[in-house]
There are 2 protein chains.
Amino acid sequence: MDILEILKAYSEDVDREIESLLSTLQPDELRESSEYLTKAGGKKIRPALTMLSCQAVSGSTERALKAAVAIELIHTFSLIHDDIMDNDDTRRGMPAVHKVWGEPTAILAGDTLFSKAYESLISTASENIPYEKVLDSLRILSDACISICEGQVLDMSFEDTFDVTLDAYNDMIYKKTGALITASTTIGAIIGGASEIQIDALRKYGENIGIAFQIQDDYIDLTGDDSIGKPVGSDLVEGKKTMMVLFALEKANSEDHDRLIELLQANDEAIIPEAMELLNKYGAIDHARLAAYDHVIRAKEALSVLPDSDAKEVLFKLADYVFSRKV
Amino acid sequence: MDILEILKAYSEDVDREIESLLSTLQPDELRESSEYLTKAGGKKIRPALTMLSCQAVSGSTERALKAAVAIELIHTFSLIHDDIMDNDDTRRGMPAVHKVWGEPTAILAGDTLFSKAYESLISTASENIPYEKVLDSLRILSDACISICEGQVLDMSFEDTFDVTLDAYNDMIYKKTGALITASTTIGAIIGGASEIQIDALRKYGENIGIAFQIQDDYIDLTGDDSIGKPVGSDLVEGKKTMMVLFALEKANSEDHDRLIELLQANDEAIIPEAMELLNKYGAIDHARLAAYDHVIRAKEALSVLPDSDAKEVLFKLADYVFSRKV
């Protein structure tokens with residue numbers, strides 16, 4: 001089966017569980033604003049990772065469903081609050097929550113999903129999951145939430161400067177997006193009753209997949225087609241700091257360095273060809289490709305300690321998909 | 001000892017624990033914006049209630065310190081986000097968090113305190129508190145957080161209408177402020193290892209104290225002196241819906257009803273004497289006084305099942321204080 005079809009099957013269970021969890025919210029305005037983004041599609045890779053990780057060590061996906069929901073709700077909460085902070089108008093091809101209901105209600109919708117995420121993970125305690133494992137999972141979720149906040153503050157602090165090292169960028173992006181992906185696999189493993197070695201393996205898988213995922217996102221922006229909804233090279237026009245841009249800035253001679261910054265600050269589509277040329281001149285795109293591939297290999301290697309299973313096969317496929325996807 | 005001195009002693013432990021918990025946040029901007037309100041004073045009644053409830057059933061306050069911190073951080077998180085939503089400039093006599101650091105960082109400071117609250121409560125699991133009780137406490141905290149969000153949406157929905165029944169108001173205000181105060185005492189009791197009867201008693205105490213606290217807040221605004229930092233009657237000038245206003249509107253004849261609404265919408269200090277006269281004409285102030293007193297009595301009665309102790313004495317004093325306080 002195609003990996004996207006497999007993800008869709010997991011996402012249907014997640015969607016059903018989320019709908020039931022949010023159905024009790026009152027008043028209607030809070031329920032509707034909280035549900036809105038959860039019903040707007042998205043590949044739901046994170047909850048699938050949680051269920052697959054659980055399945056890979058215990059054979060059951062059902063055990064991890066409520067934990068998977070918790071992960072997805074934390075992700076959704078962070079999208080809603082990020083869109084307010086970045087003043088983004090759209091998300092998943094629809095108007096952002098704060099554009100539909102206003103900022104106050106959007107802040108509350110995020111806060112509510114945050115609370116509901118905890119409610120969902122806490123409720124696994126009543127489903128034959130040992131209390132200690134639920135508490136371990138809750139600790140990891142809280143750490144991930146703090147990382148997301150730290151990463152977002154760092155990201156905002158990078159906005160007005162190009163004086164950002166690749167290391168500082170990698171730290172920021174791990175906190176902002178990698179930590180929750182790592183939590184997805186780690187919590188799935190814990191809920192599945194994995195051994196320490198298995199938990200460690202799935203944590204490493206998550207860490208590496210998360211980094212590869214982010215690099216690929218930025219790579220698609222520069223090399224993909226327009227079908228993802230934003231024009232190719234839009235990150236360059238917006239002057240976004242990516243691994244590729246920061247790598248080129250670190251390697252470039254002084255003249256090219258200053259020129260690249262000038263281009264990135266121009267906010268003009270006309271700069272795309274010259275900026276791409278500079279990235280290629282310093283091998284930034286090849287470097288990113290290689291880095292992403294390296295992380296995919298490491299993710300797959302980490303799984304070697306797990307017994308063979310369908311879930312393990314899907315995790316392999318997912319790693320390949322992260323590297324090969326075009327959207 | 002004076003009740004305020006007693007509260008101060010509890011708050012010193014809470015402050016120290018909070019400072020340590022937040023000290024690891026990075027970058028500085030996130031740490032400083034998250035710490036800011038926690039260092040700005042406040043009576044810290046909620047965490048004291050948690051520690052006193054624990055002490056009243058087990059003899060130890062230390063057991064409940066991290067749970068008390070969780071309650072205080074949830075309270076602080078909700079203040080930060082509320083101030084953004086209500087566009088309030090000041091809090092505890094200082095510029096609001098979003099006025100100092102801007103809205104994006106203020107949203108994140110709130111989110112961070114939310115995460116840290118869970119971290120703190122989860123960490124009690126390592127301190128001789130049975131896992132089951134920690135999970136019960138976490139469930140209650142999540143429910144309270146969801147109530148806070150629901151209450152705030154309801155509160156905002158009441159802003160532009162006087163078509164609000166006293167019942168709808170009571171439901172809103174319980175969700176917005178009462179639920180967390182009830183969680184304070186209930187969690188303290190659970191962490192202290194209380195029996196079901198004791199937990200129920202302290203829950204009832206919290207519910208009643210919470211309602212009395214809110215009524216007294218509104219009463220002080222109408223009858224107190226200016227030393228609390230805002231002029232007497234400012235709630236009337238702002239057209240705020242309080243139990244007193246809604247009681248008067250429910251009891252008033254059609255002419256007085258419409259006149260009171262007119263006054264409340266004038267946004268003019270000159271309306272205070274006439275509005276007060278209308279509230280008094282329908283016994284609204286006496287009604288609120290009686291209702292607050294009734295809740296204080298019920299709170300104290302609920303404690304009858306607890307063994308006599310210093311903590312129980314303080315909880316009695318605190319109930320009296322809620323009714324008698326002038327600020």
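This text walks through the predicted model, from its two chains down to single residues. In this predicted model, local features need pLDDT of at least 70 and side-chain atom pairs count only at pLDDT 80 or more, while totals for chains, interfaces and linings use all residues. Residues are numbered from 1 along each chain as its sequence is written, and chains are lettered from A and ligands numbered from 1 in the order in which they are written.

Start with the pair of chains. Two copies of a chain are related by a rotation about an axis and a shift along it.

Now look at where the chains meet. In this contact, 37 residues of chain B face 37 residues of chain A. Two residues are in contact if their C-beta atoms, placed from the backbone, lie within 7 Å. On the chain B side, the elements that give two or more residues are helix H2 (28-35), helix H4 (65-85), helix H6 (103-123) and helix H7 (131-158). Helices (H or I, at least four residues) and strands (E, at least two) are DSSP runs, numbered from the N terminus. H7(B) gives the most, with 16 residues. By class, the side of chain B that touches chain A has 22 nonpolar, eight polar and seven charged residues. Ala, Val, Leu, Ile, Met, Phe, Trp, Tyr, Cys and Pro count as nonpolar, Asp, Glu, Lys and Arg as charged, and the others, Gly among them, as polar.

Next, go inside chain A. Chain A is divided into domain 1 (1-194) and domain 2 (210-327). These bounds come from an automatic or database domain assignment. The C-alpha centres of the two domains lie 23 Å apart. Their contact takes 17 residues from domain 1 and 21 residues from domain 2. On the domain 1 side, helix H1 (3-22), helix H3 (45-58) and helix H8 (166-191) of chain A are the elements that give two or more residues. H8(A) gives the most, with seven residues. That side of domain 1 has twelve nonpolar, five polar and no charged residues.

The core comes next. In soluble globular proteins, nonpolar side chains tend to be buried together. A nonpolar core is a set of buried Ala, Val, Leu, Ile, Met, Phe, Trp, Tyr and Cys residues joined through C-beta atoms within 7 Å. A residue is buried if 20 or more other C-beta atoms lie within 10 Å of its own, exposed if 12 or fewer, and partly exposed in between, with C-beta atoms placed from the backbone. The largest core has 224 residues, of which A:Ile74, A:Leu141, A:Ala248, B:Ile74, B:Leu141 and B:Ala248 touch the most other members. Domain 1 and domain 2 of chain A both give residues to this core, so it lies between them. Leaving aside neighbours within four places in sequence, B:Ala248 is in contact with B:Leu260, B:Leu278, B:Leu279, B:Tyr282 and B:Ala284.

Some details of chain B deserve a stop. B:Gly151 sits in helix H7. With 22 C-beta neighbours inside 10 Å, B:Gly151 counts as buried. Its C-alpha is separated by 4.7 Å from that of B:Lys175, 24 residues apart along the chain. Helix H3 (residues 45-58) of chain B is mostly covered, as 13 of its 14 residues are buried. Just after H3(B), B:Gly59 takes a positive phi of about 90°.

Last, visit the loops. Between helix H1 (3-22) and H2 of chain B lies B:Pro27. The peptide bond from B:Gln26 to B:Pro27 is cis, with omega near -5°. B:Asn87 has a positive phi of about 55° although it is not a glycine. Is B:Asn87 buried or exposed? B:Asn87 is exposed, with 12 other C-beta atoms within 10 Å. B:Asn267 also has a positive phi of about 55°, and with 9 C-beta neighbours inside 10 Å it counts as exposed.
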